Amino acid sequence: YLLLNSGSQTQRLIESRIAGMQGGRIAMDLMMADLRAAVPLSAQFDFIGMNRELGATQMIPADNLDFATQNYTPKYPGEGPFCEVSYFLNGPDESGEYTLWRRRDATPDEEPLSGGTLEEIVGGLVGLSIQYYDGFSWYDEWGSTNPEDPMSAPTPPPQETTETNLTLIPGNLSGMPEAVGVTLSFARNTPQGTTNA
């Protein structure tokens, strides 16, 4: 009985971890396909990556990413060859876990950071960290969400700073990053009836 019970517990534990790995692989494949075909979001915003945290009792990394991608096939009249895309975490649910969502807007308009449809990608997350590489250094944020920030223009003036960009280094305020690093953190769930040894 002990051997059978131990084997059953191990199987449930492995199945839950495999499900998490498969969900993570799907999420990473979607993000990778969108990022490989990334183009500037609008005339005001090229690419925006925000460093943020969520949580009531325990803060977790919950970064936000907004850009446009050509990884889209138009389906209706009036749609262009690219769409606006956002990735973000939403939650927590009753177990304290978060869900990764993707927003897609196939009709780009004057508000590139809103609109479109939402789709749930994967649940069971306890963190989303994104970093951006400009060819020399990695940054936790990219771009500026303030369209009036003089350094968020495609050709920023050399030494000009404002209160909105003091925390950003000028090299990551405009343009497209050379590379993007994404880290998804999943909850380590222990199925009922198993021990957490």
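1. A polar contact is a pair of N or O atoms within 3.5 Å; within protein, one must be able to donate a hydrogen and the other to accept it, and residues adjacent in sequence count only if both atoms are side-chain atoms. One such case involves Thr69, whose side chain has a polar atom 3.0 Å from the backbone nitrogen of Asn71.

2. This is a predicted model, in which local features need pLDDT of at least 70 and side-chain atom pairs count only at pLDDT 80 or more, while totals for chains, interfaces and linings use all residues. Residues are numbered from 1 along each chain as its sequence is written, and side-chain values use heavy atoms, with hydrogens and water left out.

3. Thr69 sits in strand E5 (helices, H or I, of at least four residues and strands, E, of at least two are DSSP runs numbered from the N terminus). Its relative accessible area is 0%, so Thr69 is buried (buried is under 20% relative accessible area, exposed over 50%, partly exposed in between, with a 1.4 Å probe and protein chains only). Beyond residues up to four places away in sequence, Thr69 touches Ala33, Asp34, Ala37, Ala38, Val39, Pro81, Phe82, Cys83 and Val85 (contact means heavy atoms within 4.5 Å).

4. The largest nonpolar core has 26 residues (a core is a set of buried Ala, Val, Leu, Ile, Met, Phe, Trp, Tyr and Cys residues joined through side-chain atoms within 4.5 Å). Helix H1 (2-36) and strands E5 (64-69), E6 (83-90), E7 (98-105), E8 (117-133) and E10 (179-186) each supply at least two of its residues. E8 gives the largest share, six residues. Leu128 is among the residues with the most contacts inside this core. Neighbours within four places aside, Leu128 is in contact with Pro61, Ala62, Asp63, Leu89, Leu100, Val182, Thr183 and Leu184. A second, separate core of five residues includes Val39, Phe45, Ile48 and Ala68.

5. The whole structure holds five aromatic pairs (ring centres of Phe, Tyr and Trp, the last by its six-membered ring, within 6.5 Å; planes under 30 degrees apart are stacked, over 60 edge-to-face, the rest tilted). Phe47 and Tyr132 pair edge-to-face, at 6.0 Å centre to centre and 75° between the planes. Phe47 is in the loop between strand E1 (38-39) and strand E2 (48-50), 85 residues from Tyr132 in E8.

6. Tyr132 also pairs with Trp142; the centres are 6.4 Å apart and the planes at 50°, so this pair is tilted. Relative accessibility is 0% for Tyr132 and 1% for Trp142. Phe47, Phe67, Tyr132, Tyr139 and Trp142 form one aromatic cluster.
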